[in-house]
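Please look over the sequence and structure before reading on.

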Amino acid sequence: MLKTLLLLPLLGAVLVALLPHRSVDLMRHLASAVAAATMLCAALLLLNFDATTAEIQFFETRPWNPRVGSHLALGVDGISLPMILLATLLCFVAIFSSTSIRSGAKLYFSLLLILETALLIVFTARDWSLFYVCWELTLIPLFFLIDRLGGANRHRAALNFVLYTLGGSVFMLIALLLLYDVAPGHSFAMADMAAGGAQLPVRTQVLVFLGLLLGFGVKMPIVPLHGWLPLAHVEAPSPISILLSGILLKMGAYGLIRAVATLPAAALALQDWLAFLALLSLVYGAVLAWRQTDLKAMIAYSSISHMGVVLLGIAALNPAGLSGALTQMVAHGLTAGLLFLLIGLLYERTHSRDLAAYGSLNRIAPRFAAFIVFALLAAVGLPGSAGFVAELQVLVGAYGRWGAWLPLLSAAMLVAAACALRAIRCLSTGPERAMAAAPAGVAWFADLGRVECAAAWLLTAGVVGIGFHPQPLLQLMASSLARLAAGFGA
């Protein structure tokens, strides 16, 4: 079942590459069908998954390079399965909504499907060498997708993204090689490297953990390792921004969860420092989002703040905090994906992302206005949304460890809420304004179409479904997170 899940997008990429260059619509339909089939495969995994156990399920392994102890080892637990479901959903939405891609469509859809395979292997890998190879493999399609199809500063954005990530990956590789050296039998298997890491002195574990933190922290991103994020989001095509914010940032958080499971003593020793970095990211991201006038830049900086919530939940190292972190990863993936989808479609019609250029969308394009208002409120934890469930759990987990510091978290959330309300005021309640790209005025651009509404409703349903009935998601994660928290005495 896992092999089918991973090979389907790769097969789709080959089929898209065989189509004639002029068959752009056929390429999109084929890529959408493959992404939908992959999403169905992930749903079948969910149906056959036993949430009552923390054991790795659907596990399969075969030697890759026996001389160095690496294996093609795959498996799923309650931590990785929500990420698999999120990745397949967002990849489908990104492909399905790529109606404006005409030039370079063959390269675009092929690279998107290859990227989906690499993402899914990262979330299913049970061997650190396989994890690392596919972690790096995601850079190749993303580089070309941004560099070939992005905005005016696309070359700089693509280069910044790759250099930042490669720089962090060097430290990650050194840390993994140090763990490999002490693993029983010199194996890259995650369980073996965790057993070897437990034998290291705490001081050495801390140094190794810092290497992993640098690698994963760039991708999350954690302040001050966030420099690549705003430019990449602004210059990337909007469907790629959906994946960058919705799932690529979650790769870093997912890797960090695996890192704290591998080196629990180091995580405990650095717990307060991780919380400090989380609060710094929370406040810094919220303040910078408040200062933006470009809608894409505003959402990008707010993503730094939301990933700070994830880091705070991980740093709590207790069941409530870890559950909140993983729920926030899913919630932010859905809301950020929805926001980038809507802003991208708005930009295609108006050729402007400036907040000051809009006004009175509720009269001009009511479907746009309704979805954008909902997405902005859901992003700041509106009760009844997935973000509210996540942030409440993180607050409970963090309060159990650093009660006195929670006012900082509350202040950051207030800034984020003010930022969202300002955007709502500018977009929905201001006067109608004529735009340079639309001389007849804003009132002339089209509202959301059927295909676009379907993509928006799919993400909205996820946000509302988790917000009103979070129990299935929490039960899915509970056993795996309880075992993880038990390693910290929680």
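Helix α7 (residues 154–182) packs against helix α9 (residues 202–219) at an angle of about 150°, with the axes 7 Å apart. That angle makes α7 roughly antiparallel to α9. This is a predicted model, in which local features need pLDDT of at least 70, side-chain atom pairs count only at pLDDT 80 or more, and totals for chains, interfaces and linings use all residues. Residues are numbered from 1 along each chain as its sequence is written, and side-chain values use heavy atoms, with hydrogens and water left out.

**Helix pairs**

- Helices (H or I, at least four residues) and strands (E, at least two) are DSSP runs, numbered from the N terminus.
- Axes are lines fitted to C-alpha atoms, for helices over the stretch in contact, and angles run from 0 to 180 degrees between N-to-C directions; under 35 degrees counts as roughly parallel, over 145 as roughly antiparallel, 65 to 115 as roughly perpendicular and the rest as oblique.
- α7 passes α9 in a left-handed crossing (the near helix is turned anticlockwise from the far one by less than a right angle; clockwise would be right-handed).
- Residues making the contact include Tyr164, Gly168, Phe171 and Met172 of α7 and Val208, Leu212, Phe216 and Lys219 of α9, where contact means heavy atoms within 4.5 Å.
- By class, the contact of α7 with α9 has 12 nonpolar, 5 polar and 1 charged residues (Ala, Val, Leu, Ile, Met, Phe, Trp, Tyr, Cys and Pro count as nonpolar, Asp, Glu, Lys and Arg as charged, and the others, Gly among them, as polar).
- Helix α2 (residues 24–47) and helix α3 (residues 80–96) pack at about 165°, their axes 9 Å apart, and are therefore roughly antiparallel to each other.
- The crossing of α2 past α3 is left-handed.
- Among the residues in this contact are Arg28, Ala35 and Met39 of α2 and Leu81, Leu85 and Phe92 of α3.
- The contact of α2 with α3 divides into 15 nonpolar, 3 polar and 1 charged residues.

**Burial and the nonpolar core**

- In helix α5 (residues 128–137), 8 of the 10 residues are buried (under 20% relative accessible area; exposed is over 50%, partly exposed in between, with a 1.4 Å probe and protein chains only).
- The buried residues of α5 include Trp128, Phe131 and Trp135.
- Of the 180 residues in the largest nonpolar core, Phe209 and Leu244 touch the most other members; such a core is a set of buried Ala, Val, Leu, Ile, Met, Phe, Trp, Tyr and Cys residues joined through side-chain atoms within 4.5 Å.
- Helix α15 (residues 319–350) gives the largest share of this core, 15 residues.
- Not counting residues up to four places away in sequence, Phe209 touches residues including Leu256, Val260 and Leu263.

**Ala236**

- Ala236 lies in the loop between α10 (229–235) and α11 (238–262) and is buried, with a relative accessible area of 3%.
- Ala236 and Ile146 are 90 residues apart in sequence but 5.0 Å apart in space, C-alpha to C-alpha.

**Backbone features**

- A cis peptide bond, with omega about -5°, joins Met220 and Pro221.
- The peptide bond from Val223 to Pro224 is cis, with omega near 10°.
- Pro221 is in the loop between α9 and α10, and Pro224 lies in the loop between α9 and α10.
- Phe58, in strand β1 (residues 57–60), has a positive phi of about 55° although it is not a glycine.
- Leu317, in the loop between α14 and α15, has a positive phi near 55°.
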